[in-house]
Amino acid sequence: LDLANASGARAQRNPLDHVSLTGPQRAFVSCEDREACWRDGNQVGKSWALAFLILHLCRGTHPWMSARKPPFKVLVISISFEQMIPLMEKIWELCPKDEIDPHNGFEEGRGITGKPPRIVFTSGPGKGSVISFATYKAGSTRVAGGTYDLVVLDEPPPESMYGEVRPRVLRRRGYVRIGFTPTPDMPDLSWLRKKVCPPGKKMRPGQIREFNFGLKEEHLQPPGYPRPWLD
């Protein structure tokens, strides 16, 4: 029982140490390209992979990317705070709680708390890193003039928002990551279709690396798991 309690305490202190990724998740979070998009079905694990990427970059502990050292400034943007809750929940679940401001929190149905909502690393390897959140509606105001190491566009972004965030990561040689499931009422993404470049092909200037795997059992089973999380 003492061993089990000690193991549980370690997992609670830093859940990132106990994450197993699927093949698609690992391929996406290992991408070194400055701009990348994961377009796929629901339940493939996009939000989990984005949370993994955000937190490891904030802490300077990413196992496969050679990014600059923390502190890292991250901005996560989506259609609304309500639609961002699933990603917020994954970030909070994986976040090392003893390394962040004790005033930071998560509430079911509300997401990351605070005005504005954010997570601030106050100790550990990511000391000084900040994760902020904004919506597409208010995003242009929040983004204008800001400088970030990583901008995550959760859900299909309007072209105008993509145009706003690209210059915000240039100075610090940062990254833009887009993750979404196509829906009938999403904004026109013909601009994005023209820009994406599949894995394995050489990127041209202005292109975005695209990932798309499909909802298959083999894509839903991390190494060592007895079964996929969906059959």
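Trainee: Which residues are linked with Arg 68 in a network of salt bridges?
Mentor: This is a predicted model, and a search of the whole structure finds eight salt bridges. Some are joined in a network, and the partners of Arg 68 there are Asp 149 and Arg 172.

Trainee: Which element of the chain has the lowest mean pLDDT, and which the highest?
Mentor: The chain averages a pLDDT of 90, with 92% of the residues scoring at least 70. The lowest mean, 53, belongs to helix H1 (residues 2-13), and the highest, 97, to helix H3 (residues 46-59).

Trainee: With which residue does Glu 210 form a salt bridge?
Mentor: The closest N and O atoms of the pair are 2.7 Å apart, and the partner is Arg 39. The pair links distant parts of the chain, 171 residues apart: Glu 210 is in strand S10 (residues 208-211) and Arg 39 in strand S1 (residues 35-39). With a relative accessible area of 13%, Glu 210 is buried.

Trainee: Is Arg 59, which has a relative accessible area of 7%, buried or exposed?
Mentor: Arg 59 forms a salt bridge with Glu 99, their closest N and O atoms lying 2.9 Å apart. This pair also links distant parts of the chain, with Arg 59 in helix H3 and Glu 99 in the loop between helix H4 (81-94) and strand S3 (106-107). Glu 99 has 9% relative accessibility and counts as buried. Since buried means under 20% relative accessible area, the 7% of Arg 59 makes it buried.

Trainee: Are Asp 231 and Arg 227 buried or exposed?
Mentor: Asp 231 and Arg 227 form a salt bridge, with the closest N and O atoms 3.1 Å apart. Both Asp 231 and Arg 227 are exposed.

Trainee: Where does Pro 116 lie?
Mentor: Most peptide bonds are trans. The bond that joins Lys 115 and Pro 116 is cis, with omega about 0°. Pro 116 is in the loop between strand S4 (111-112) and strand S5 (118-120).

Trainee: Which peptide bond is cis with omega near 10°?
Mentor: Its second residue, Pro 71, lies in the loop between H3 and strand S2 (73-78). The cis bond runs from Pro 70 to Pro 71.

Trainee: What is the phi of Gln 43?
Mentor: Most residues other than glycine have a negative phi. Gln 43 lies in the loop between S1 and H3 and counts as exposed at 53% relative accessibility. Although Gln 43 is not a glycine, its phi is positive, about 70°.

Methods: Residues are numbered from 1 along each chain as its sequence is written. This is a predicted model: local features need pLDDT of at least 70, side-chain atom pairs count only at pLDDT 80 or more; totals for chains, interfaces and linings use all residues. Side-chain values use heavy atoms; hydrogens and water are left out. pLDDT is the predictor's confidence in each residue, from 0 to 100. Helices (H or I, at least four residues) and strands (E, at least two) are DSSP runs, numbered from the N terminus. A salt bridge is a side-chain nitrogen of Lys or Arg within 4 Å of a carboxyl oxygen of Asp or Glu. Buried means under 20% relative accessible area, exposed over 50%, partly exposed in between (1.4 Å probe, protein chains only).
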